Amino acid sequence: MEPTITRRGAIALAAACAVAALTPAAPAAAAPAPAVAIVLERTGGFAGTRDTFVVDRSTAEGRRPLRMAASPAFRGLRGSYQPANSCCDRYFYRLTVTYRGGRHKTVSTVQGTTAPSILWRVIADVERVGARHVPAHGDAVPLHGR
């Protein structure tokens, strides 16, 4: 015997389908915006130098540091990792990442400080592949004084 649908059942089924069709789907989790540029300012060291390294989407081998800077691990970093004692001619680092849409994240640290490895990997990659800019002598401003 074949199942039959009553008029009342057909109306209920049509109403349920209409409600389902009009109910918006749950919004998909927004993918985090990719990193489009990284600026690393490095000051200090024995000679008291100041260097700036820049990575963007046009930088040869720049994809890896940009990808790491867009990762949840990097985005979850605190704004600063500082040592208990800042002596001894260490480098001071300020890393500023720009994400698509204009948001920024800045993280500061000092050479030898205990910090998550993602921070040190991004710093090392930016120093290795970034375009280096050495400011004129009058432009030097120590990062650790801020």
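A second polar contact, at 2.9 Å, links the side chain of Arg 42 to the side chain of Glu 127. Residues are numbered from 1 along each chain as its sequence is written, and side-chain values rest on heavy atoms, with hydrogens and water left out. Because the model is predicted, local features need pLDDT of at least 70 and side-chain atom pairs count only at pLDDT 80 or more, while totals for chains, interfaces and linings use all residues.

Arg 42 belongs to strand S1; helices (H or I, at least four residues) and strands (E, at least two) are DSSP runs, numbered from the N terminus. With a relative accessibility of 11%, Arg 42 counts as buried, where buried means under 20% relative accessible area, exposed over 50%, and partly exposed in between (1.4 Å probe, protein chains only). Setting aside neighbours within four places in sequence, its contacts (heavy atoms within 4.5 Å) include Thr 49, Phe 53, Tyr 91, Tyr 93 and Arg 132.

Six strands make up an open sheet of mixed pairing, in the order S3-S5-S4-S1-S2-S6; two strands pair if DSSP finds at least two bridges between them. Strands S3 (80–81) and S6 (131–133) stand at the edges with a single partner strand each, so one side of each has no neighbour in the sheet. Strands of a sheet pair through backbone hydrogen bonds, either parallel or antiparallel.

S1 (residues 35–44) runs antiparallel to S2 (residues 49–56), and eight bridges join them. Along this pairing, Ile 38 has Val 55 as its bridge partner, Val 39 stands opposite Val 54, and Gly 44 stands opposite Thr 49. Four residues lie between the strands of this hairpin, where Gly 45 takes a positive phi near 75 degrees. S1 also pairs with S4 (residues 91–99) in the antiparallel sense, over nine bridges, with Ile 38 opposite Val 97. Eight of the ten residues of S1 are buried. Further out, S2 and S6 pair antiparallel over three bridges, and Val 54 stands opposite Ala 131 in S6.

Not counting residues up to four places away in sequence, Val 122 touches Ile 38, Pro 65, Met 68, Ala 69, Phe 74 and Leu 95.

Arg 103 lies in the loop between S4 and S5 (104–110) and is exposed, at 66% relative accessible area. Beyond its neighbours within four places in sequence, Arg 103 is in contact with Val 97 and Thr 98. Arg 103 and Ala 35 are 68 residues apart in sequence, with their C-alpha atoms 9.3 Å apart in space.

Key
Polar contact = N/O pair within 3.5 Å; in protein donor to acceptor, adjacent residues only side chain to side chain.
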